[in-house]
Amino acid sequence: MDIFLAQLLNALLYAAVLFLIAGGLSLIFGVMRIVNLAHGSLYALGAYVMAWGLGRLAGESGSEPVYLIALLPVAAVAVGATGAVVEPILLRPLYARAEEYQLLLTFGLLLILEDAMRYIWGPTPLTASPLWAAFGTLHLMGATYPRYNVVVILLGVLTAVLLWAFVFKTRFGVMLRATSQNRRMAAALGINVGGVYVQAFALGCLMAGLAGAVIVPIQGAVLGMGVDALVLAFVVVVIGGLGSLDGALVGALIVGVVRTVAIQYFPELELAVLYLIAAVVLITRPAGLLGRA
Amino acid sequence: MSLLLAQGLRKSFGETRAVNGVDFRVEPEELISLVGSNGAGKTTLVNLLSGLLRPDAGQIAFDGADITALSVGARIRAGIARSFQLVNLFDQLNVLDNVRLAIFSRDGVTRQPLRLAERDTRARNEAMEILGEFGLESKWDTPAAGLAQGERKLLDVAVAYALRPKLILLDEPTSGVGTREKGVIMEAIASVVRERFLAAVIVEHDMDVVFTYSDRIVMMHQGAVLAEGTPDQIRADERVSAVLLGKG
């Protein structure tokens with residue numbers, strides 16, 4: 001029982017982080033029809049900002065849970081602000097061109113960000129495990145489980161709820177959904193489409209930054225983490241449906257559970273199983289489980 | 001003073017002179033029908049007036065100010081709204097949200113973006129009131145995709161009206177619907193225009209509709225204004241009947 005519970009929580013932890021990454025990716029695609037390959041690097045950027053900030057605040061010795069509260073918004077907003085600069089300057093001139101140009105540009109941005117992080121923070125991974133340890137453990141139905149991991153799960157749930165409310169309940173959300181459905185018509189109504197785009201892109205990047213920031217105490221900030229995360233985020237959106245927030249949530253849960261089970265029983269096939277599921281979804285429902293065809 | 005005054009408008013697409021030296025005016029509270037065969041330049045003229053296209057030459061003044069260089073958004077703020085020939089609704093949003101969107105847009109994107117749309121009772125009440133004027137209030141919760149064609153046409157006009165224009169440009173608001181529905185749509189449009197003291201320019205092919213509802217009729221032919229006048233004057237104009245009967 002205790003193993004089962006711990007594994008369930010692990011699956012949810014993984015799903016929460018994946019939802020943050022894939023949800024942002026899907027939001028950007030849903031509104032702007034851009035596949036943002038730089039999304040993985042933005043996630044890594046969030047991780048590096050968080051790890052660097054923790055290093056500055058706590059130094060080598062110990063850490064306090066309060067640092068998390070202080071630095072999470074800083075890292076997330078820093079990445080969101082990066083997005084707010086990238087969209088109008090780099091992406092906007094390419095909207096009228098074929099999609100290949102956007103892929104090329106965002107892939108170039110991925111490489112540039114990756115090198116920039118190597119240049120700024122060096123090739124050695126930054127860790128922040130003292131913060132993870134500072135949260136202590138939780139005793140649940142006979143099982144012992146890291147309290148920090150539960151915090152991440154709750155943060156994922158909270159973000160999903162807030163994002164849902166933002167998109168489906170707010171005044172801006174109405175305009176966001178309208179712009180995603182019909183850009184030309186939205187412009188004809190006098191909606192500031194450029195303003196909607198930059199805010200949607202920044203929000204998607206902010207989610208990636210938040211994901212990177214929360215993962216740091218668990219696994220640190222490492223070069224290459226962005227590409228790994230991007231690949232898994234694509235598996236999530238392929239399963240759930242690119243452009244659908246519900247799809248990102250369902251996809252993240254499926255990938256989280258499957259990966260946890262795979263690691264437990266046949267660890268060498270972990271990624272193969274995920275790709276297999278993605279391939280089956282692509283063949284049977286090309287738009288994803290909850291995507292619009 | 002005319003509400004809208006366009007002078008010497010020209011717009012070409014390659015070799016085609018879609019609008020070729022058109023003078024056009026709209027008086028306050030006037031309902032004008034813009035008629036003419038396909039390719040006469042009616043939709044191009046509407047696109048020039050609403051800001052979707054920029055003229056190659058000519059000026060447009062609205063409410064005493066030169067708006068020739070203004071964007072669509074700036075013209076909406078100045079008081080010009082339009083609907084499209086092909087109904088352009090947000091199909092996945094419900095009827096209420098389609099109208100509410102226009103109200104939010106009118107307010108600007110940045111005004112209270114995080115406010116819950118449902119809590120914005122002013123916008124909701126205003127949207128419901130507008131739906132009432134167009135007989136759509138019972139459908140407020142239906143996705144726009146689930147409406148009948150006539151209702152879609154009405155909603156399209158309601159969305160333009162929700163921008164609170166002084167001048168509303170309607171491109172074929174009754175195309176693609178049956179005769180009985182045409183009457184319903186035109187009655188709704190005419191009553192809103194009259195009761196709210198709006199001016200309207202309606203592109204329309206059905207001459208029965210045109211003669212029934214218009215204060216003035218402007219006939220276009222091959223990119224230019226061929227004739228204009230009251231319904232009686234137009235009825236008596238031989239050039240008009242020649243074009244309408246295909247002899248133009």
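Here is a short tour of a predicted model, with stops at a chain contact, a helix pair and a glycine.

Before you click, residues count from 1 along each chain as its sequence is written, while chains are lettered from A and ligands numbered from 1 in the order in which they are written. Since the model is predicted, local features need pLDDT of at least 70 and side-chain atom pairs pLDDT 80 or more, but totals for chains, interfaces and linings use all residues.

**Chains A and B.** Select both: the contact (C-beta atoms, placed from the backbone, within 7 Å) takes 19 residues from chain A and 25 residues from chain B. On chain B, color H2 (72–78) and H3 (95–107), which each supply at least two residues of the side touching chain A. Helices here are DSSP runs of H or I, at least four residues, and strands are runs of E, at least two, numbered from the N terminus. H3(B) gives the largest share of that side, six residues.

**H7 and H9 of chain A.** Now select 171–181 and 193–219 in chain A: the axes of H7 and H9 (lines fitted to C-alpha atoms over the stretch in contact, with angles from 0 to 180 degrees between N-to-C directions) come within 10 Å and cross at roughly 105 degrees. H7(A) and H9(A) are therefore roughly perpendicular (65 to 115 degrees). Show Met175(A), Leu176(A) and Thr179(A) in H7(A), which meet Val193(A), Val196(A) and Ala200(A) in H9(A).

**Gly176(B).** Last, go to the loop between strand E7 (167–171) and helix H6 (179–195) of chain B, where Gly176(B) sits. Gly176(B) is partly exposed, with 14 other C-beta atoms within 10 Å (buried is 20 or more, exposed 12 or fewer, partly exposed in between).

Notes. Contact = placed C-beta atoms within 7 Å. Parallel < 35°, antiparallel > 145°, perpendicular 65-115°, else oblique.
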